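Here's a quick briefing on the structure shown below. Have the model open while you read, and follow the residues as they come up.

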Amino acid sequence: MAVAIAAGLAGCAALSGAHPGSVVMRATPIEEKGWIAPTEQKGYRPEPVTRPFCRVEGTIEGNIGFELWLPAEWNGRLLGAGVGGDAGIYNYVDMSRRIAEGFATVTTDSGHKATQARWMADSKARIDYEHRAVHLTATAAKALAARFYGRDVDRSYFVGCSGGGRQALKEMQNYPADYDGVIAGAPGPYMPLQSVRMLWFALQQKAKPDAALTDADWSLYEKAATAACDGDDAVKDGIISSPLACRFEPEALLCKPGQADGCLTAPKLAMLESIVAPMKDETGRVMDDGLFPGVRTRPGPPSPLLRAMWADGVYNDPDWNEDSFRQARDLAQANRIMPELRADRLSIAPFVQRGGKAILWQGWADPSTNAGPTIDYYAALARAHGGVEALGKSVRLFMAPGVYHCGGGPGADQVGGSGQRTAPGDAARDMLWALIGWVEQGKAPASLVAAKIEEGREAFTRRLCPYPQAARYDGKGPTQDAASYQCVADPALRAYMKRKSLVGS
């Protein structure tokens, strides 16, 4: 178990200079209470830091930037903080919050800067983004921490969501000795296929502007599906608790003669039904399982990241015509050019055998990295590692009803994940501390308590359960209190896994 030590900051400036595998450009003692990292980045905004620490700013191999914060009062642990999207920035928010709990914290820009145009055309930056940068940063951080504190890190952990969740999976799969425990939120295990889906439906709407769906159209669909399935769990709370059991037909939204509001025109309904259905490639072959009922998605044109993936990463052509995109062909090309962008490898035995633990979590209503692929990956892991019970000794998946991408949505979304409110030392309400208890004390999390915060107050809590269990209301207690819910085996979740022939009964 990690033991807190007082290191002081006397040796901070001495870290500047070259080290094996890294160069520290600046090592600055920070003793100002309420200090905020100066930055112009828009995401992962820093918060005030109240503990004195040594701020290390460095590079690896010239292009991989990293920051390592070493607190004067250290709990013996290193925390890696992942970055989502196309990266290029630092995860200051998790660093700011967790250094207050005594963690040495480290983050990397994944090998490029957000301001770097067409970085995906650079093969080294691309490969570093796929998997190398996080690994090399972990190695450098451990060495620098050992030099600063005069002893090795006791335990190391990694937390990330979205692209940061994918980074967590890559660490577990490719570099099992880097971290003793990882948290992979909304990880999109097969990111290239997810990207194909998102680019495909954006282009479909571009080609048929009269059928293009607005944010209001998706809200209408989400609201109608929720109304149809909200009561399936015996609690009316505006949340679809069991999407697999939900039955809702979008055709109910078709405008009736003379109706103009609160409905969808025939072209829009056809577009919605096409998007939520399993996606087919240009030959008619089914490529995925579609979306769960009520799951909304991103309106508007293709995001810049999606275009860059093919224009820069795959074809290295800034003038690439996105209208030439073909699902099967371009998925194969992406897998060929960026094979490590996938994070669905099943061979995690080295991580498991050395005692590694992983918490995967996912919002059921996630519109960006959809829930289905995460569940499918977990089911495939179970099949490869002796079933759900055996896998659950090392890897557990927690599904969050009504939660969007890494947070948001009508569901309880705050449970100590990346970018979320923390509950220091509380293994029930903070998944990082649940992971620590699992790694260091052998206490596997039987459930987690997530909170919904509204106007700065805790509006309600819900119990999150290890898959394929789900929370069920006891019929007696306050419906807004997680204590009124128990984790029970969910027939719909189990049937879904059996239907896909991924695990036994």
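Arginine 98 sits in helix 1, which covers residues 92–99. Bear in mind that this is a predicted model.

- Is arginine 98 buried or exposed? Its relative accessibility is 3%, so arginine 98 counts as buried.
- Beyond its sequence neighbours within four places, arginine 98 is in contact with Leu79, Phe103 and Thr105, and also with Gly416, Thr422, Asp430, Leu432 and Trp433.

**Nonpolar cores**

- The largest nonpolar core counts 108 residues. Cys54, Val56, Leu68, Leu70, Met172, Trp310 and Tyr467 have the most contacts inside it.
- Which helix gives the most to this core? That's helix 2 (residues 123–149), with 12 residues.
- As a general matter, nonpolar side chains tend to be buried together in soluble globular proteins.

**Helix 7 and tryptophan 310**

- Helix 7 spans residues 304–314, and eight of its 11 residues are buried, so the rest of the structure largely encloses it.
- The buried residues of helix 7 are Leu306, Ala308, Met309, Trp310, Ala311, Asp312, Gly313 and Val314.
- What do those buried residues pack against? Their partners are helix 2, helix 4 (191–207) and helix 8 (327–337).
- Take tryptophan 310 as one of the buried residues of helix 7. Leaving aside neighbours within four places in sequence, tryptophan 310 is in contact with Pro192, Ser195, Val196, Leu199, Tyr315, Asn316, Trp320, Phe325, Asp330 and Ala334.
- Asparagine 316 follows helix 7 and has a positive phi, near 50°.

**Helix 4 against helix 8**

- The axes of helix 4 and helix 8 come within 10 Å and cross at roughly 145°. The crossing is right-handed.
- On the helix 4 side, Pro192, Leu193, Val196 and Trp200 make the contact, while helix 8 brings in Gln327, Leu331 and Asn335.
- What kinds of residue make up the contact of helix 4 with helix 8? By class there are five nonpolar and two polar residues, and no charged ones.

**Disulfide overview**

- How many disulfides does the structure hold? It holds five.
- Counting bonded cysteines along the chain, the pattern is 1-2, 3-8, 4-5, 6-7, 9-10.
- In general terms, a disulfide is a covalent bond between the sulfur atoms of two cysteines.

**Cysteine 12 with cysteine 54**

- Cysteine 12 and cysteine 54 form a disulfide with their sulfur atoms 2.1 Å apart. The link is right-handed, with 80° about the S-S bond.
- Cysteine 12 belongs to the loop between strand 1 (5–6) and strand 2 (17–19), and cysteine 54 to strand 4 (residues 53–60), so the pair ties together parts 42 residues apart in sequence.
- Both cysteine 12 and cysteine 54 are buried. For cysteine 12 the relative accessibility is 0%.
- Not counting residues up to four places away in sequence, cysteine 12 touches Ala27, Thr28, Pro29, Cys54, Arg55 and Phe148.
- Cysteine 12 and valine 56 are 44 residues apart in sequence, and their C-alpha atoms are 8.3 Å apart in space.

**Cysteine 161 with cysteine 406**

- The sulfur atoms of cysteine 161 and cysteine 406 are 2.1 Å apart, forming a disulfide. With -105° about the S-S bond, this link is left-handed.
- Why does this pair tie together parts 245 residues apart in sequence? Because cysteine 161 lies in strand 9 (residues 155–161), while cysteine 406 lies in the loop between strand 12 (395–400) and helix 12 (431–441).
- Cysteine 161 and cysteine 406 are buried.

**Cysteine 465 with cysteine 487**

- Cysteine 465 and cysteine 487 also form a disulfide, with sulfur atoms 2.1 Å apart. The torsion about their S-S bond is about -85°, so the disulfide is left-handed.
- Cysteine 465 is in the loop between strand 14 (457–464) and strand 15 (469–473), and cysteine 487 is in strand 16 (residues 485–489), so the pair ties together parts 22 residues apart in sequence.
- Cysteine 465 is buried, with a relative accessible area of 4%, whereas cysteine 487, at 22% relative accessibility, counts as partly exposed.

Definitions and conventions. Residues are numbered from 1 along each chain as its sequence is written. This is a predicted model: local features need pLDDT of at least 70, side-chain atom pairs count only at pLDDT 80 or more; totals for chains, interfaces and linings use all residues. Side-chain values use heavy atoms; hydrogens and water are left out. A nonpolar core is a set of buried Ala, Val, Leu, Ile, Met, Phe, Trp, Tyr and Cys residues joined through side-chain atoms within 4.5 Å. Buried means under 20% relative accessible area, exposed over 50%, partly exposed in between (1.4 Å probe, protein chains only). Helices (H or I, at least four residues) and strands (E, at least two) are DSSP runs, numbered from the N terminus. Contact means heavy atoms within 4.5 Å. A disulfide is a pair of cysteine sulfur atoms within 2.5 Å. Axes are lines fitted to C-alpha atoms, for helices over the stretch in contact, and angles run from 0 to 180 degrees between N-to-C directions. A crossing is left-handed if the near helix is turned anticlockwise from the far one by less than a right angle, and right-handed if clockwise. Ala, Val, Leu, Ile, Met, Phe, Trp, Tyr, Cys and Pro count as nonpolar, Asp, Glu, Lys and Arg as charged, and the others, Gly among them, as polar.
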